[in-house]
Amino acid sequence: MTPAGQNLRIDSARLWNSLMEMAQIGPGVAGGNNRQTLTDADGEGRHLFARWCADAGMTMGVDTMGNMFATRAGTDPEALPVYMGSHLDTQPTGGKYDGVLGVLGALEVVRTMNDMGVQTRRPIVVTNWTNEEGTRFAPAMLASGVFAGMHTQDYAYDRVDAEGKRFGDELARIGWVGEESVGARKMHAMLELHIEQGPILEAEGKNIGVVTHGQGLWWLQITLTGKDAHTGSTPMAMRVNAGLGMARVTERVHQIAMSHQPDAVGAIGHVQVFPNSRNVIPGKVVFTVDIRTPHQAKLDAMRAEVERAAHAVAAELGLGCEIEAVGHFDPVTFDPGLVQVVRGAAERLGYSHMDIVSGAGHDACWINRVAPTVMIMCPCVGGLSHNEAEEISPEWAAAGTDVLLHAALEVAEVVG
C-alpha cells in the first residue's frame, strides 16, 4: 500500500446512514429489527442492498441458495477474489447491527475505494449469506454451509419453519433463487466484520477484536413425551410431566457447562410446550440445547453428558426421550496469516485491539473450510445481541470498517 493509502478512512457518516436506512426495513416492536430470512422484509432488504451495489458499480451474482455476490473488478481477471460480508437476516427480536454491519461495512469499503480511485489486482466481492441466523429455518449458517459442502441443497430446501413452509418454496416466493451453482465460486480469502455479541471488548476498552478462533457448537433438539392431564385433578404422584423433565434437563445442562470451565457454555434456547394450556400438564416438550466451546474434546464430552442426562431424567420420570442433532460445527482456527493482517491493520491505524475467540457461530466458520478466513469484531454495548436493544456506536462501526478496509486492500493487493 502507498504511504497515502495508509491514511485512508471510510466515510463514517455514510456507513451509519446506510445502517439506519436498512433498519427501516422489517422494524421490530422495540427499536430493533424483525427481518427473518426469506420473509417479505428479507426480500425488500435484498433489493435495497442490490441497488446500493449497482450504484457502486458492482455486478451482482446470486446462487441457487440465494447467496448474493456483488463484485468490484480487479486489474487481473484471472486472480481469485477477496470476499467480504456477512448476513442481512435477523432474529425475530433482533438488533440493527448483527450481521448487517458486516455486509454494509464491506459495501462501504468498496464505496471508499471508489471515492479514492483505489484499484486492486484481485477482484473484491461483497457477500450477503442467506439464513445465517437459523431461527426460521434451522440450522444456522445454512446457505454458507451448503456453499462449503456441509449440507446438500436438497437438505436445505426441505427445511421447514414453524408453519410448515419449506425453505426452497419461500426462497422462490420472494424471488431470490439465482442461477449459479452453490459453491462453484473460488475464493482467495474471506474477511467478515461483525459485532462481538459479547461483553469482552467493551469491558477491556478495546476498539477491535482480532478473532483467532471460533467456538464449536452442538444444537441438540430434545423431545420429551409424557401425558397430558388436568393440573387440578391429577395427583402429583400420578403425573407424567414432560415440563418437569425439561426443567431438570435445563439444570443439568447448566451443571455440565459449569463442570467444563473455563471456555464452555450451555443453555436451553428454543422451547415448544404442548398443549401449552394453563390448566394442562405438558404432555410433550420440544426444546433445543445449545452447547459451545473452542476445545474439541470438551465439545465431544459435553454432548455425551447432555444426552446421558436427558435419557436419565426421562427414565426417572417415565418419559419418552428423543434427541436429534439439528446444528453443529467443530471449533474453528482462523487463518494465521490473515489474523496477522488484521492485527497489523489495527496497529497501523492506531486502534486498540486484542485477540478474541468468537462465542457465536458465523458464516466465516463454514467458509473457513474452503478458503482462508478471518473475522474482525467491534464492541457492542453491554455485550447485548439477539435483542432489539442491541447497540453500537458510530465510532466502533467506523473503526471496525477501517480495519476491514486496510486488511482487504492488503490481501487484494493495491495496484500503483
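Q: Which residues do ring pairs link into a cluster?
A: Phe 69, Tyr 83, Trp 129 and Phe 147 are the cluster that ring pairs link. Rings of Phe, Tyr and Trp (its six-membered ring) pair if their centres lie within 6.5 Å.

Q: What kind of model is this, and how are residues numbered?
A: This is a predicted model, in which local features need pLDDT of at least 70, side-chain atom pairs count only at pLDDT 80 or more, and totals for chains, interfaces and linings use all residues. Residues are numbered from 1 along each chain as its sequence is written, and side-chain values use heavy atoms, with hydrogens and water left out.

Q: How many aromatic pairs does a search of the whole structure find?
A: The search finds eight. A pair of aromatic rings is described by the distance of the centres and the angle of the planes.

Q: Why is the pair of Trp 16 and Tyr 97 called stacked?
A: The centres are 5.6 Å apart and the planes are at 25 degrees. Planes under 30 degrees apart count as stacked, over 60 as edge-to-face and the rest as tilted, so this pair is stacked.

Q: What makes this a link between distant parts of the chain?
A: Trp 16 is in helix 1 (residues 12-23). Tyr 97 is in the loop between strand 3 (82-86) and helix 3 (100-116), and the two residues are 81 residues apart. Helices (H or I, at least four residues) and strands (E, at least two) are DSSP runs, numbered from the N terminus.

Q: Why does Trp 16 count as buried?
A: Its relative accessibility is 17%. Buried means under 20% relative accessible area, exposed over 50%, partly exposed in between (1.4 Å probe, protein chains only), so Trp 16 is buried. Tyr 97, at 1%, counts as buried too.

Q: Why is the pair of Phe 69 and Trp 129 called edge-to-face?
A: The planes are 85 degrees apart, with 5.6 Å centre to centre, so the pair is edge-to-face. Phe 69 is in strand 2 (residues 68-72). Trp 129 is in the loop between strand 4 (124-128) and helix 4 (142-147), 60 residues apart from Phe 69. Phe 69 and Trp 129 are buried.

Q: How many helices and strands does the chain have, and why is the chain called as compact as a globular protein of its length?
A: There are 12 helices and 15 strands. The radius of gyration, taken over C-alpha atoms, is 22 Å. The globule rule (2.2 Å times the number of residues to the power 0.38) gives 22 Å for 416 residues, so the chain is as compact as a globular protein of that length.
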